[in-house]
Amino acid sequence: MKIMRFLFVIAVSITWLAGCSKATTEDGKEIIQVAVSAEVNPPFLLADENNEPIGYDIDYLNEVEKRLPQYEFEYVWGEEESNLIGVGAGKFDFAMNWFFSNPEREERFLYPETPYGYSITGLIVHEDTDDIHSLDDMTERELAPVAASGGLRSILNEYNENNDPDIPLITVGSPSNENNLRRVESGRSDAAFLNITTFHAIQEHLHLDLKVGAVVSREPVYAVFHPDHHQLAEDINRVTEELIEDGTLPALAEKWFGVDFFQDLEDISPEDFG
Amino acid sequence: MSFGLGDWISMIGQVMDRLPLTLALLFVSLFFAIVIGIIIAYIRLEKIPILHQLATIYLSFTRSTPLVVQLFLVYFGIPQLLLVFGIDINHWSRFVFVVITFSLHTGAYLSEVFRSSYLAVGKDQLEAAYSVGMTYLQALRRIMIPQAFRVALPNAGNHTIELLKDTALAFTIGMVDMMGQVLFIIGNNYGVGMFEIYVAIAIVYWVICIVIEAVISLIERSLMKKHASISH
């Protein structure tokens, strides 16, 4: 993704002079441009039959919109890297799609304090595999191919930076979850690293001889804001806290994921995803 | 998930729903690309000062940078640049940005096609036209352009096909064209059935290209008739 970073620099240097214009609706609401990732990731985000975004992310934003009458959200599809460039350049106000936080991104963007959800990542192994319980067990094994960038990759990169020996990684442009899982089932790979909810959703179609070998982490996910949008980020942050406290978001999590990920990680075991 | 006939039909149906958008992108961009191509070719042929140098820089830039970079520059860069002058075009439809990018991109290539085909006809024919008393415009219309058009056609056809495939990039900035629909289907299915969907979209693009090729060869053949010569 070096090219993308290079593009980002170009886009920013071209646009450094620009301020942010404020568009409003007829009844005086401020229009907020929300970039949603076209690389859909159900159940966080997916497209309905009219290609409108739906999912946990959108249900959450609808709740936020209800409580912040001064804003109106307008959703714009775009590929993730392109969305992040757009947020950096001020074209969009914030980007949405289960963004993990990492130091590199925190430098470039404004992150709210409170995550609006969690992504529970895990190692998916063959039914008969009983000796993979954490990432530590993967240093001598083969992990199915992973993408060059993105949230899952950054977890693996961080592990490899902090631990020795490394987990050997095979990098491909856009790994297919289906292929990866079939690799694990056939024994060509020992485990696949992905979102546990994604795994269960795929299993409903494929019914492979696989299981969750280990829950690796519970990653907080955030909306990512343009660095100058303090007011907007604060407003949304406040509402997010309210929504978690009054049970709205936990209920949405149950609806889309079948598990309330606002509980502690210790309380969530592989069996919870039965 | 195994793919039955019904799944294939519904999948191709979903993709074909986006065909009008892809074709609209193709034809609108192609129209402006031809206009740009003719203007740039004229400027370079006539070596009009200043414009000639600017056109050369434009050609060099457009042909030496990836299309996706140009798309980002047009989509993110130009609006911000204009904001400095107080002009806000951020709320324009993405269709406009995509068409601007593709027109500029393909226009650069077409200008070279037009220029080379004009040169292929040769200056001596222009001089011959002058010698029988034609004006420059008459010579262009009756002698140069009809022949240059014939030379340009196969290459212009190539660039049309190239442009069709380039339209798949529109999804980068979120325009849901045929390729965008494919990626939505893959994403909504968690990547299940990726291979089948790529086979389907490959066939769809292929068929469109075959149609374009057929149209071009039809035009070529009809031109051939008008251009009957002794040797063939």
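Helices (H or I, at least four residues) and strands (E, at least two) are DSSP runs, numbered from the N terminus. The model described here is predicted: local features need pLDDT of at least 70, side-chain atom pairs count only at pLDDT 80 or more, and totals for chains, interfaces and linings use all residues. Residues are numbered from 1 along each chain as its sequence is written, while chains are lettered from A and ligands numbered from 1 in the order in which they are written.

The predictor assigns the complex an ipTM of 0.76 and a pTM of 0.81. Where pLDDT is low, predicted coordinates should not be read in detail.

Chain A contains 9 helices and 10 strands. Of its 274 residues, 41% count as buried. A residue is buried if 20 or more other C-beta atoms lie within 10 Å of its own, exposed if 12 or fewer, and partly exposed in between; C-beta atoms are placed from the backbone. Two residues are in contact if their C-beta atoms, so placed, lie within 7 Å. Among chain A contacts with a separation of 6 or more, 76% join residues 24 or more positions apart.

Strand β6 (residues 117-126) of chain A is mostly covered, with 9 of its 10 residues buried. Two strands pair if DSSP finds at least two bridges between them. β6(A) pairs with strand β10 (residues 210-225) of chain A in the antiparallel sense, over 10 bridges. Within this pairing, A:I120 stands opposite A:R218 of β10(A). β6(A) also pairs with strand β9 (residues 192-195) of chain A, again antiparallel, over 4 bridges. There, A:L123 has A:F193 as its bridge partner.

Backbone geometry in chain A was examined next. Most residues other than glycine have a negative phi, and most peptide bonds are trans. The peptide bond from A:P42 to A:P43 is cis, with omega near 0 degrees. A:P43 sits in the loop between β1 (30-37) and β2 (46-47) of chain A. The bond from A:D164 to A:P165 is also cis, with omega near 0 degrees. A:P165 lies in the loop between α5 (151-162) and β8 (171-172) of chain A.

A:N51 has a positive phi, near 60 degrees. This residue belongs to the loop between β2 and β3 (53-54) of chain A. A:N51 is partly exposed, with 15 other C-beta atoms within 10 Å. A:W98 has a positive phi near 30 degrees. A:W98 is placed in strand β5 (residues 94-99) of chain A. A:W98 is buried, with 23 other C-beta atoms within 10 Å.

The contact between the chains takes 35 residues from chain A and 27 from chain B. On the chain B side, the elements giving two or more residues are α4 (67-84) and α8 (178-188). The largest share, 9 residues, comes from α4(B). By class, this side has 16 nonpolar, 10 polar and 1 charged residues. Ala, Val, Leu, Ile, Met, Phe, Trp, Tyr, Cys and Pro count as nonpolar, Asp, Glu, Lys and Arg as charged, and the others, Gly among them, as polar.

An unreviewed UniProt entry lists residues 20-43, 64-85, 91-110, 168-191 and 197-219 of chain B as "transmembrane region". UniProt positions follow the numbering used here, feature names are shortened, and annotations may be inferred rather than shown by experiment. Residues 64-85 of chain B are 86% helix and 0% strand, with end C-alpha atoms 29 Å apart. Residues 91-110 of chain B are 85% helix and 0% strand, and their end C-alpha atoms lie 30 Å apart.
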